[in-house]
Amino acid sequence: MMETLAEWVEGLSDKNNQHAYECLKHLQAACLSGNDVYQHFDRFVSLMGSADSYPRTRGLLMIAACARWDIDNHMDEIIDEYLKHIQDAKPITARQCIQALPEIARYKPDLAQTITEALLRATPYRYPSTMQPLVQKDIAEALRRIRALDTSQET
């Protein structure tokens with residue numbers, strides 16, 4: 001059984017995707033209850049650049065989960081690279097990225113406009129016809145949620 005945060009972080013790259021997914025879930029839960037996971041932000045950024053879509057997706061999800069703790073503005077430094085994954089080569093990774101964007105906008109409202117602009121520029125037509133409507137729906141939902149954040153922050 002995994003017992004330490006460092007082991008979970010290391011497990012994100014495990015070739016056994018079931019194990020890596022379990023590590024992701026543990027880290028996401030830990031991120032909700034404290035900022036200890038944030039110290040591994042650079043590791044998540046390196047995963048975002050993985051040639052393998054599974055670790056790439058896990059890196060993207062952990063970066064989004066850490067947005068709430070980003071007092072050092074690391075997210076601002078990597079946002080352009082992150083947003084490239086809206087149009088990731090793998091549509092499943094793109095969908096996960098898009099679905100995570102409202103979480104980033106929630107905790108990093110200064111990035112909401114940049115995120116919105118990237119979503120509006122996205123071209124889901126690059127994906128197989130079976131995936132296009134799903135990606136379009138994800139983009140519309142992410143935009144709706146980000147706009148709702150903007151409204152709730154004004155009141």
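Rings of Phe, Tyr and Trp (its six-membered ring) pair if their centres lie within 6.5 Å; planes under 30 degrees apart count as stacked, over 60 as edge-to-face and the rest as tilted. Searching the whole structure for such pairs turns up one. Select tyrosine 38 and phenylalanine 41: they make a tilted aromatic pair, 5.8 Å centre to centre with 55° between the planes. Both tyrosine 38 and phenylalanine 41 are buried (under 20% relative accessible area; over 50% is exposed, and in between is partly exposed, using a 1.4 Å probe and protein chains only).

Before moving on, know that this is a predicted model, where local features need pLDDT of at least 70, side-chain atom pairs count only at pLDDT 80 or more, and totals for chains, interfaces and linings use all residues. Residues are numbered from 1 along each chain as its sequence is written, and side-chain values use heavy atoms, leaving out hydrogens and water.

Next, helices, which here are DSSP runs (H or I, at least four residues) numbered from the N terminus. Two packed helices are described by the angle and the distance between their axes. The axes are lines fitted to C-alpha atoms over the stretch in contact, with angles from 0 to 180 degrees between N-to-C directions.

Select helix α3 (residues 41-48) and helix α5 (residues 74-83): they pack at about 5°, axes 11 Å apart. That makes α3 roughly parallel to α5 (under 35 degrees; over 145 is roughly antiparallel, 65 to 115 roughly perpendicular, the rest oblique). Show side chains, and you'll see Phe41, Val45 and Met48 of α3 meeting His74, Met75, Ile78, Glu81 and Tyr82 of α5; contact means heavy atoms within 4.5 Å.

Now pick helix α4 (residues 53-66) and helix α6 (residues 91-107), whose axes come within 9 Å and cross at roughly 5°. So α4 is roughly parallel to α6. Among the residues making this contact are Leu60 and Ala64 of α4, plus Cys97 and Ala100 of α6.

Which residues have the most contacts inside the largest nonpolar core? They are Tyr82, Ile115 and Leu119, in a core of 49 residues (a set of buried Ala, Val, Leu, Ile, Met, Phe, Trp, Tyr and Cys residues joined through side-chain atoms within 4.5 Å). Zoom in on tyrosine 82: leaving aside neighbours within four places in sequence, its contacts include Met48, Leu60 and Cys97.

Last stop: proline 91, in helix α6. Proline 91 is buried, at 15% relative accessible area, and touches Tyr127 and Met131, leaving aside neighbours within four places in sequence.

Key. Helices (H or I, at least four residues) and strands (E, at least two) are DSSP runs, numbered from the N terminus.
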